[in-house]
Amino acid sequence: MICFMFPGQPLAHDAILPCNADFSAVAALARAHTGLDLATFTWPEGTHTEQVALQVYGVAVSLYRQRCLRLEGVKPALAAEHSMGIYAALAACGSVSEGEALEIAFRVGACMEQRFLGRDYALGCLVGLTAEKLAVLAAEGAVFLANHNTSHHFLLAGRRHDMEATLSEALAAGAFSAKLFPCDAPLHTPLLAEAEEELTAIFRDYRYREPAIPLMNHIDQEFLTAAEIPSFLMRELTETVHWEQTYRALKRSGAARFVEVGAGDSLKKYNRWIESRL
């Protein structure tokens, strides 16, 4: 049983993009629904941040790769999503159109960009500590666990100065790696609840169809129904992403082959680590 996995926002974009009809079609949709020119990776008159551009780019790459797999005859029996990968996953499962997926990702990113303007947030990627040790450090440092990817790979979110202090503490406590990345807003943390009214209004603007492919959510590992999608889209911005639990649940549901449909291969790497600990 094949499972398509849709990764979240990439940390960078490729300088060289595919040159074919399918990518051109996705790029045209991105321009029409968001204003982003994927070829130059620029906004009209520099209207939005690079982080918003990366969110749109991530969705576009997933949509393109899903088209390629479809042409190759690769058909999933299940789908899974990680973080902002939910928007492309919804399109692949037929719940929204490709244009709507790009538009939702853009509107969410632009909303967070505006709502948290002037605040200095950052993400912290940590490898090597246990969840228990990390929970203590996060609480002491006033930052939040955003992604629980594997038993030893995590993403934290919070204010930059708090994050810098927490990463230093993590390295002192034995972490193998601690890297800092900029972000417009503290994704997957309770801090996003500040923008709940605006974000909920965005999600209510769309009509969601029942997923044609069972789509497992990354919070409580349930398969989403059309009625649950708007509330899940808000929940997933304020709650931790649990990939390890999701991967294990997908395997219990019968998934035997996992195909990453998007930029990079982070989910494949997480899966290999999880398997090595079974």
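Contact here means heavy atoms within 4.5 Å of each other. Keep that in mind as we look around this model, which is a predicted one.

**Helices side by side**

Let's start with α2 and α4. Val52, Gln55, Val56, Val59, Ala60, Leu63 and Arg67 on the α2 side meet a set of α4 residues that includes Glu98, Ala101, Leu102, Ala105 and Phe106. Further along α4, Gly109, Ala110, Met112 and Glu113 are also among the residues met by α2. The axes of these two helices lie 8 Å apart, at an angle of about 165°. Since angles over 145 degrees count as roughly antiparallel, that angle makes α2 roughly antiparallel to α4.

Helix α4 (residues 98-115) has another partner, α7 (residues 196-203). What does α4 use to meet α7? It brings Ile104, Arg107, Val108, Cys111 and Arg115, and these meet Glu198, Leu199, Ile202 and Phe203 in α7. The packing angle is about 165° and the axes are 10 Å apart, which makes α4 roughly antiparallel to α7.

Here are the two pairs side by side:

| Helix pair | Packing angle | Axis separation | Crossing |
|---|---|---|---|
| α2 and α4 | about 165° | 8 Å | right-handed |
| α4 and α7 | about 165° | 10 Å | right-handed |

**Two helices with a buried face**

Next up is α5, which covers residues 131-141. Its buried residues are Leu134, Leu137, Ala138 and Gly141. They span an arc of only 100° around the axis, so they sit on the same side of α5. And what covers them? The list includes β3 (121-127), β4, β5 and α6 (160-172). Turn to the face pointing away from that buried side and you'll find the exposed residues Glu132, Ala139 and Glu140. Just past the end of α5, Ala142 takes a positive phi of about 60°.

Helix α10 (residues 266-276) has its own buried set: Leu267, Tyr270, Asn271 and Ile274. Looking down the axis of α10, these fall within an arc of 100°, so they line one face of the helix. Which elements do they pack against? There are strands β1 (2-6), β4 (144-150), β5 (153-159) and β9 (257-260), plus helix α9 (243-252).

**Two loop residues with positive phi**

Now for a couple of loop residues. Phe41 sits in the loop between α1 (21-34) and α2 (50-71). Its phi is positive, about 55°, although it is not a glycine. Is Phe41 buried or exposed? Buried means under 20% relative accessible area, and Phe41 comes in at 13%, so it counts as buried.

Gln221 is found in the loop between β7 (215-216) and α8 (229-238). It isn't a glycine either, yet it has a positive phi of about 60°. With a relative accessibility of 15%, Gln221 counts as buried.

**What the record says**

Finally, a look at the annotation. An unreviewed UniProt entry lists residues 5-273 as "domain: Malonyl-CoA:ACP transacylase (MAT)". Over that stretch the chain is 45% helix and 16% strand. How far apart are the end C-alpha atoms of residues 5-273? They are 16 Å apart.

Conventions
Residues are numbered from 1 along each chain as its sequence is written. This is a predicted model: local features need pLDDT of at least 70, side-chain atom pairs count only at pLDDT 80 or more; totals for chains, interfaces and linings use all residues. Side-chain values use heavy atoms; hydrogens and water are left out. Buried means under 20% relative accessible area, exposed over 50%, partly exposed in between (1.4 Å probe, protein chains only). Helices (H or I, at least four residues) and strands (E, at least two) are DSSP runs, numbered from the N terminus. The arc is that of the directions from the helix axis to the C-beta atoms. UniProt positions are given in the numbering used here, feature names are shortened, and annotations may be inferred rather than shown by experiment. Axes are lines fitted to C-alpha atoms, for helices over the stretch in contact, and angles run from 0 to 180 degrees between N-to-C directions. Angles under 35 degrees count as roughly parallel, over 145 as roughly antiparallel, 65 to 115 as roughly perpendicular and the rest as oblique. A crossing is left-handed if the near helix is turned anticlockwise from the far one by less than a right angle, and right-handed if clockwise.
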